[in-house]
Amino acid sequence: MSQDAKKLLAVNLLYALIPVLLLTLPHLLKGVEMEAYGATYSVAMVALEFGVIALPTILYFLTPWGRGVARFFWAQRPTSAIVLVIPLAICAYFLVTGLTSLWLAILGMLGLSVAPQTVPLPATPGQLGVSVLVIGLAPALCEEFFFRGTMQPVLTRHLRPWAAIVLCGCLFGMIHGQLAALPGHVLLGMGLCLVAYWTRSIWYTALWHFLQNSMAMVMGYLSSALLEYAASLGGAEASAMAAQPLALLDGSLMLILPFGAGTALFLFLLRLTTKRQNQAELERVQERPCLLAWAPLAIALACAAYLYATSGMAMLGGGA
């Protein structure tokens, strides 16, 4: 096996480690009582992101194979064009929300109800501030460090750029294990990979990822407060209607069309303003890696399939 194939094998092993740990660690923490966004919960969530994703990658960089990968680490300094990521992230957030609503409408027509919330929504301004750090910042840094900073450059050495973008984006989306959000996570992953390839930098994608997660927390906080207020006025029926497939379908189209156009516009502007950063093509490995280098992905896909099956069972009958 060549050195490049060994690097690919090592990175795929790192990826396979993520779902394995995501399946085992919750059982170890099952008896630990954690208040949402309390000290124990916050430390556990940050430690989970760092221990499962960032720490194995850091240890890998200390090996001879990892030092070779580090040369292709996409850490080019951002330019002033990074400000375009802010409107891009805003439009992309509502595009992903619309796509998720459309997906939920389809699942609803198939008899699958809205899945239970896996990440607790902040109930107070203090919890909102903590959630921005715990759910917004920590995953953005750790996940971009591995997926766009480590895995994508290695895949780009062995695949055509578009194939590496699609594959890495799909692997990013699948690792989240939430059936209700699968298309949105995959679309977001591909968008992040596209920007990383254009800019040769993970700082653009880290900012986008951070804004995406933080907006989800802010919108969750505002929506829960609004629903609570509506219920106090006797509007609980309206919130129940919002979960119906047809209502989700109408709402999704109202989000996908305008915000999809906005996302495409800001991606185009970002491409124009960062075009000089990727004039040189990345050197590709000529020989095809052996199947053993791709084998760890089979383990990861099996674990992901289990996570999605579990998520689908929770959605069946409304998670009852």
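**Close-up 1. Helix H7 is mostly covered in this predicted model.** Of its 18 residues, 13 are buried (under 20% relative accessible area; over 50% is exposed and in between is partly exposed, with a 1.4 Å probe and protein chains only). H7 covers residues 182–199 and spans 26 Å from first to last C-alpha, close to the 26 Å expected at 1.5 Å a residue (the expected span is 1.5 Å times one less than the number of residues). Helices are DSSP runs of H or I, at least four residues, numbered from the N terminus. Just after H7, arginine 200 has a positive phi of about 55°.

Residues are numbered from 1 along each chain as its sequence is written. The model is predicted, so local features need pLDDT of at least 70 and side-chain atom pairs pLDDT 80 or more, while totals for chains, interfaces and linings use all residues; side-chain values use heavy atoms, without hydrogens or water.

**Close-up 2. The whole structure holds zero disulfides.** A disulfide is a pair of cysteine sulfur atoms within 2.5 Å. The closest cysteine sulfur to that of cysteine 170 belongs to cysteine 193, 9.1 Å away and too far for a bond. For cysteine 193, the nearest is the sulfur of cysteine 168, at 3.7 Å. Cysteine 170 is partly exposed at 23% relative accessibility. Cysteine 193 is buried at 0%.

**Close-up 3. Helix H6 meets helix H12.** The axes of H6 (residues 161–174) and H12 (residues 296–315) come within 10 Å and cross at roughly 40°. Axes are lines fitted to C-alpha atoms over the stretch in contact, with angles from 0 to 180 degrees between N-to-C directions. Leu171, Gly173 and Met174 in H6 touch Leu297, Leu301, Ala304 and Tyr308 in H12, with heavy atoms within 4.5 Å.

Conventions. Helices (H or I, at least four residues) and strands (E, at least two) are DSSP runs, numbered from the N terminus.
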